[in-house]
Amino acid sequence: MRVLGIETSCDDTGVAVFDTERGLVAHRLGSQSRLHQPYGGVVPELAARDHIRATLPLVDQVLREAGGDGHPDGVAYTAGPGLPGALLAGASLGRSLAFGWRVPAIGVHHMEAHLLAVMLEESPPAFPFLALLVSGGHTLLVDVEGLGRYQILGESLDDAVGEAFDKTAKVLGLNYPGGPAIEHAAQTGNATRFPLPRPMTDRPGLDFSFSGLKTAVIVRLASAPSDAATVADMAAAFQDAAVDTLAIKCGRALEVCGRDTLVVAGGVGSNALLRRRLRELGDERGARVVYPRPAFCTDNGAMVAYTGWRRLREGDTGEPAGFNIRPRWSLGDLKPAGASGP
Ligand code: KG4
Ligand code: ZN
């Protein structure tokens with residue numbers, strides 16, 4: 001079975017093909033970073049229009065690279081959560097292609113796709129495991145028993161950690177997207193010059209709150225000189241505080257759920273300091289810590305093709321006609337394959 005995957009939930013157009021025998025056979029990404037950069041964040045209408053323009057040529061390219069005879073046996077597209085217009089662009093194209101090819105189309109949950117991206121790596125983890133999902137819209141600690149069996153142990157009560165990276169970068173005058181910009185600026189910074197809080201680590205529980213961290217940066221900046229060293233030091237201090245907070249909660253979550261494997265995924269999962277800090281945590285706790293390669297931590301089509309393939313293989317049939325997107329959709333609402341449609 002061969003499944004075409006289409007990701008258009010935010011500002012990246014990702015397209016890929018996953019094949020039962022050969023695995024991931026082709027994947028391409030069109031980034032909209034430059035389109036949104038002048039605005040310092042994603043402009044939803046521009047994102048949707050660009051997906052409409054970019055997706056079909058990418059599909060064409062990926063299908064040619066994948067080779068083989070005939071058309072795919074299924075089409076997976078991101079049905080949510082995400083920006084409504086952007087989701088509609090991928091959903092309508094995915095459904096149209098599936099309709100023309102007379103194959104099933106399946107709407108995939110974006111965070112489930114992030115969660116399963118690690119399965120595309122060598123020596124993928126076996127269920128069950130603990131997952132830390134860290135993206136621009138979500139910060140989730142999830143106990144993963146199996147496909148579609150997700151128990152949310154903790155989540156952000158306000159800004160997602162990726163959102164905090166983006167907003168803090170803006171405050172520091174750094175480019176969008178903020179995560180990579182902060183990571184880059186932090187390389188020459190001194191993380192100890194501005195001591196920042198580790199939000200919500202002084203009380204029990206696994207929820208997060210990152211908006212106060214951004215406010216702490218704003219307060220500290222007000223009385224600091226505005227020079228390049230301050231930007232680098234503050235970027236380093238913010239990154240250190242965010243990573244530390246995530247690591248403390250991951251340590252706690254490993255204890256609570258008793259799993260011996262931690263999977264880290266989502267855009268912030270590409271951060272080198274986070275990867276290092278969590279590896280150290282794993283070494284201390286005797287837990288295996290695994291990540292997708294950095295390019296599959298951030299949004300991509302490969303994770304959508306894989307998730308659609310896996311769900312179709314395990315008994316989901318896709319929706320027979322019509323389609324639905326779900327801009328707001330909790331991971332905790334998902335069911336195992338075969339138990340329900342999206
Ligand atoms: O998973 P993703 O590509 O898209 C969403 O589903 O949101 O995550 C994007 C988020 C953005 O907030 C971005 O700033 C952050 O991930 N990010 C990073 C890094 N690369 C991307 N944050 C910290 N360090 C990075 N290297
Ligand atoms: Zn994402």
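**Group meeting: cores, a sheet and a zinc site**

Okay, let's start on the inside. The largest nonpolar core here has 58 residues, and the ones that touch the most other members are Leu-4, Leu-133, Val-142, Tyr-150 and Leu-331. Helix α11 gives this core its largest share, seven residues. Apart from that core there's another one, with 45 residues, including Leu-130, Val-217, Met-234 and Leu-273. And if you're new to this, here's the background: in soluble globular proteins, nonpolar side chains tend to be buried together. One thing to keep in mind as I go on: this is a predicted model.

What is Leu-133 in contact with, leaving aside its neighbours within four places in sequence? The list goes Met-111, Leu-115, His-138, Thr-139, Leu-140, Val-142, Ala-265 and Leu-331.

Now for the sheet. We've got an open sheet of five strands, and if you walk across it the order is β8-β7-β6-β9-β10, with mixed pairing. At the edges sit β8, residues 149-155, and β10, residues 288-290, and each of those pairs on one side only. On average, neighbouring strands in this sheet are turned by 25° against each other, ignoring direction.

Let me pick out one pair of strands. Strand β6 covers residues 129-134, strand β9 covers residues 261-265, and the two pair in the parallel sense over four bridges. If you want to find that on the screen, look for Leu-132: its bridge partner in β9 is Val-264.

On to the metal. Which residues coordinate the zinc ion, ligand 2? That would be His-110 and His-114, each through NE2, plus Asp-299 through OD, at 2.0 Å. Along the sequence, those donors are spaced H-x3-H-x184-D.

Last stop, Ser-33. You'll find Ser-33 in helix α1, residues 33-36. Its relative accessible area is 19%, and buried means under 20%, so Ser-33 is buried. Not counting residues up to four places away in sequence, Ser-33 touches Tyr-176 and Pro-177.

Notes
Residues are numbered from 1 along each chain as its sequence is written. Chains are lettered from A and ligands numbered from 1 in the order in which they are written. This is a predicted model: local features need pLDDT of at least 70, side-chain atom pairs count only at pLDDT 80 or more; totals for chains, interfaces and linings use all residues. Side-chain values use heavy atoms; hydrogens and water are left out. Donors are N, O and S atoms within 2.8 Å of the metal (3.2 Å for Na, K and Ca); water is not among the atoms, so sites may look incomplete. A nonpolar core is a set of buried Ala, Val, Leu, Ile, Met, Phe, Trp, Tyr and Cys residues joined through side-chain atoms within 4.5 Å. Buried means under 20% relative accessible area, exposed over 50%, partly exposed in between (1.4 Å probe, protein chains only). Contact means heavy atoms within 4.5 Å. Two strands pair if DSSP finds at least two bridges between them. Axes are lines fitted to C-alpha atoms, for helices over the stretch in contact, and angles run from 0 to 180 degrees between N-to-C directions.
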